[in-house]
Amino acid sequence: MKDIRPLFDYDTQGPLYIAGPCSAESREQVLTAAAGVAAAGIKTFRAGVWKPRTKPGLFEGIGAPALEWLAEAKRTYGLNIITEVATPDHLEAALKAGIDGVWIGARTTTNPFAMQQIADALEGAETTVLVKNPVIPDVNLWIGAIERIYNSGVRSIAAVHRGFGTHQATMHRNDPHWSVPIELHRLLPQMTILSDPSHIGGRRELIAPLSQQALDLGFEGLMVECHPEPDTALSDASQQVTPEQLGEILKSLAWRRTPVDADSLRDYRLHIDSIDSRLIELLAERMEVARGIGELKRRHGMAIVQRERFNKLLESAENRATSIGLSTTFIHQIFSAIHEESVRQQVDEVKKK
Ligand code: PEP
Ligand code: MN
């Protein structure tokens, strides 16, 4: 898939931004959002016309009639317009309405049958297709979906990282698993990959930090949700900001040009960054368990530090470290620091009574 075309030239143009409401709700809402997006200097406008909802009975989008509002936004503000398609019928209606591109949502990417039907309907179409990651962190399922689109003849393809469903309570709505899009980048280096901080974070205050993290990790742009009145949005209200607020967030982001000869260095650094993110997530998970233990010890009146347990833990970590060539001093230092923090968290838990 070496001839997938990058959507734009990051080195000369800077990051690519796509923004707009989760859902197209009314003509007025679409046109107001589009005016705000254009005023923020963003050139591509997104709005969902057909909405995949977890449960029935929620707002499922206006459907095909809303495409006319997007077309009007394109005519009035000179924006490129994109929407989500999940079936050949959606695609046909979107193409007829003069859409510039479509995105495939996470739930659809997860289903090879649905992907194949869309790919078959795309044969011969001149459009751009953005493929969101599947719901589960499986890079091959994501690549398979991209390959189906590629086999239909489309060459303007990009990927959008929106995080992965999780049953664990984390700070994010969808777990970023940064290593998955980074692996995708390693396998398809010429393909544009954007990040979607709205769906990853699920909360508007996470848009700025997640956007910066994505740019720091080498993503070439962002797809972000914004709404003229976020709190009244009919879907994903808590993760949207106004177009003006989004403009401010984007202005605050730092991005760096990539020297052309630094590609391999960049790949190593992306890999390191992704490992570091995982380390932090694992440490957070470990501390959560430590707090659970603290609670248990409090209920049973047990001592917090049980020296014998710590000695055993250290001994087994050092043995494992030696067997894979890591220095025992290093492992001793790391585990002592982890243990110290774990004890501190347990003490906090015990004090709670
Ligand atoms: C969306 O972009 O509004 C959307 C439904 O996205 P996802 O498929 O990532 O949930
Ligand atoms: Mn949404």
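A search of the whole structure, a predicted model, finds 17 salt bridges. A salt bridge is a side-chain nitrogen of Lys or Arg within 4 Å of a carboxyl oxygen of Asp or Glu. Side chains of opposite charge can pair when their charged atoms come close. Because the model is predicted, local features need pLDDT of at least 70 and side-chain atom pairs count only at pLDDT 80 or more, while totals for chains, interfaces and linings use all residues. Residues are numbered from 1 along each chain as its sequence is written, chains are lettered from A and ligands numbered from 1 in the order in which they are written, and side-chain values use heavy atoms, with hydrogens and water left out.

One of these salt bridges joins the side chains of Arg27 and Glu72, at 2.7 Å from N to O. Arg27 lies in helix H2 (residues 27-39) and Glu72 in helix H3 (residues 65-77), so the pair ties together parts 45 residues apart in sequence. Helices (H or I, at least four residues) and strands (E, at least two) are DSSP runs, numbered from the N terminus. Arg27 is partly exposed, at 44% relative accessible area. Glu72 counts as buried, at 17%. Buried means under 20% relative accessible area, exposed over 50%, and partly exposed in between (1.4 Å probe, protein chains only).

Arg204 forms a salt bridge with Asp231, with the closest N and O atoms 3.0 Å apart. This pair also links distant parts of the chain. Arg204 sits in the loop between H9 and helix H10 (207-216), and Asp231 in the loop between E8 and helix H11 (243-252), 27 residues apart. Arg204 is partly exposed, with a relative accessible area of 25%. Asp231 counts as exposed, at 62%.

A further salt bridge lies within one helix. Asp348 pairs with Arg344, the closest N and O atoms being 3.6 Å apart. The two residues are four apart in helix H14 (residues 328-351), and are therefore separated by about one helical turn. Asp348 is partly exposed, at 37% relative accessible area. Arg344 is partly exposed as well, at 43%. Salt bridges that share partners join Glu341, Arg344, Asp348 and Lys351 into one network.

The manganese ion (ligand 2) is coordinated by Cys22 (SG), His199 (NE2), Glu225 (OE) and Asp236 (OD), at 2.1 to 2.4 Å. Donors are N, O and S atoms within 2.8 Å of the metal (3.2 Å for Na, K and Ca); water is not among the atoms, so sites may look incomplete. The spacing of the donor residues in sequence is C-x176-H-x25-E-x10-D. His199 in helix H9 (residues 197-201) and Glu225 in strand E8 (residues 221-225) link distant parts of the chain, 26 residues apart. Both His199 and Glu225 are buried.

A backbone N or O atom of Ala106 lies 2.8 Å from an oxygen atom of ligand 1. An N or O atom in the side chain of Arg107 is 3.0 Å from a ligand 1 oxygen. For the side chain of Lys132, the corresponding distance is 2.8 Å. Taken alone, ligand 1 exposes 300 Å², and the protein buries 97% of that. Accessible areas come from the Shrake-Rupley method with a 1.4 Å probe.

How values were computed:
Polar contact = N/O pair within 3.5 Å; in protein donor to acceptor, adjacent residues only side chain to side chain.
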